[in-house]
Amino acid sequence: MAGPRGDRPARRSTRAGGGGCCWALPTGLLCAYGFFCSVRPSEPFLTRYLLGPHKNLSETQVFNEIYPVWTYSYLALLFPVFLATDYLRYKPVVLLQGLSLIVTWFMLLYAQGLRAVQVLEFFYGMGTATDIAYYSYIYSIVDVNLYQKVTSYCRSATLVGYMVGSVAGQVLVSVAGWSLFSLNVISLTSISVAFGMAWFLPMPQKSLFFHHVSSQQLGWEMKVMDCKSGSAVQDHPSVQRAPGWEDEMKVPLKGDGPSAEKEEQNVDIVEVLKDLWQDFLQCYSSRTMLCWSVWWALSTCGYFQVINYAQGLWEMVQPSQSTEIYNGAVEAASTLLGAVAVFVVGHIKASWAKWGEVTLALFSFLIAAAVYIMDTVRDICVCYASYVIFRIIYMLLITIATFQIATNLSVERYALVFGVNTFIALALQTLLTLIVVDASGLGLDIFTQFMIYASYFAAISLVFLGSGIHSIVKAYRRQEQMQSSSPESQ
């Protein structure tokens, strides 16, 4: 993990529960939890529900006073939850996530008034921040050689659950004529079932930072996924890397070597924070790591804003009170097609180290174009199509970025880099929300907001285009210098 795959032989883990059927029960329970937690048929119709007679809130209240609370609470809770997840060894935070979502949907059914719905958004932010427990729990239970398999199972469970919920919501609204209140009852029931299942998860005995395991148990390779984008990433042997890529991305593992073989031990928070800071400095000393991480943070900020307020844009383009809407079908289609794109990109042979920045620039421009079309062409079908394209491109790119970052990192360091990148994205999103969306800031209307988001992605495209061209020119000049100084040229 600290270097190329061939540098050292694979090690066998000594973790109990790594073999046989011991991994099947916790994996099955966690997948069931993830599935039922994601079956929320009311979610694609949330804006319509809040603006409708059930809550009777105004557009300004929903877009400028309620939705920003999610961003603020997610940011405020992310770092404490990150530490608490490891310190409490995952399961209590998984239970906290289930409880937070139950409170969210219970209040969505019965709470009335602006302040109550803002409190609801806080609990939803807590449920989102605790996602990290779901995606990291299984690594403390199963053997390292099962990481790829269980990661794909857990992520597939949430994707399938989300698609089932979206399709069910669309069918129940369009065909059966159910009310949105009934959809929220189904969502609450599904989340409650998930919460009940979470109690049966076995309690892990180890964690990454506070309850140390030996370097053998951490393993020599990490199969990793990105929990926000819906992408499952593995180190695919067919992906070609440019010369020198491994040297630049090589980040030495703390304690790597014979002296790293140590027994399980508990450490205090000061030591953990010091170790995290040293790891942070070493991880981001690589230009390649820094480049992909910057794109990840910038693009995820814009992605969160677009998906958070897309329903509001659709509502303004075609009010749902007077016509049929297909939000559920669009969410399901974008998730399915995005998953297909993620699968395909894992089999593409490309020198991402050489052409990655230009690729990011090109596709960021396509994202900007999709958001711009969504905003300016006031046709609901065009809006839906642009949204699907937007999500597919983002999921594809975030998969490549995740792979580039994770390939040569330990599970500890990937958790750190993922947490830092997500925190930066949320910090930027909070700043953007305060200025553009929040009623205490500019409080802009939804169409002006999306014009700003399109410009934001266009700016990202220009930055990475300039950086990519500079890197390519620099690489060619270095190659020419090497050729001119080689014995054959003399």
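**Exercise 1.** What span should the 19 residues of helix α13 (residues 327–345) have at 1.5 Å a residue, and how far apart are its end C-alpha atoms?

*Solution.* Before we start: this is a predicted model, where local features need pLDDT of at least 70, side-chain atom pairs count only at pLDDT 80 or more, and totals for chains, interfaces and linings use all residues. Residues are numbered from 1 along each chain as its sequence is written, and side-chain values use heavy atoms, with hydrogens and water left out.

Step one: the expected span of a helix is 1.5 Å times one less than its number of residues. Step two: for α13 this rule gives 27 Å. Step three: the end C-alpha atoms of α13 are 27 Å apart, so the two values agree.

Now look along the helix. Buried residues (under 20% relative accessible area; exposed is over 50%, partly exposed in between; 1.4 Å probe, protein chains only) in α13 include Gly328, Val330, Ala341 and Val345.

**Exercise 2.** Find serine 73 and decide: is serine 73 buried or exposed?

*Solution.* Start with the helix: serine 73 sits in α3 (residues 59–87). Helices here are DSSP runs of H or I with at least four residues, strands are E runs of at least two, and both are numbered from the N terminus. The protein has 17 helices and two strands. Next, the accessibility: serine 73 counts as buried because its relative accessibility is 5%. Finally, its partners: apart from neighbours within four places in sequence, serine 73 is in contact (heavy atoms within 4.5 Å) with Glu121, Phe122 and Gly125.

**Exercise 3.** Which residues touch the most other members of the largest nonpolar core?

*Solution.* A nonpolar core is a set of buried Ala, Val, Leu, Ile, Met, Phe, Trp, Tyr and Cys residues joined through side-chain atoms within 4.5 Å. In the largest one, with 130 residues, the answer is Trp295, Trp314, Phe450 and Tyr453. Helix α15 (residues 380–406) gives the most to this core, with 15 residues. Then zoom in on tyrosine 453: beyond neighbours within four places in sequence, its contacts include Gln305, Tyr309, Val371 and Leu432.

**Exercise 4.** Locate phenylalanine 423 and say how accessible phenylalanine 423 is.

*Solution.* First, phenylalanine 423 is found in helix α16. Second, its relative accessible area is 37%, so phenylalanine 423 is partly exposed.
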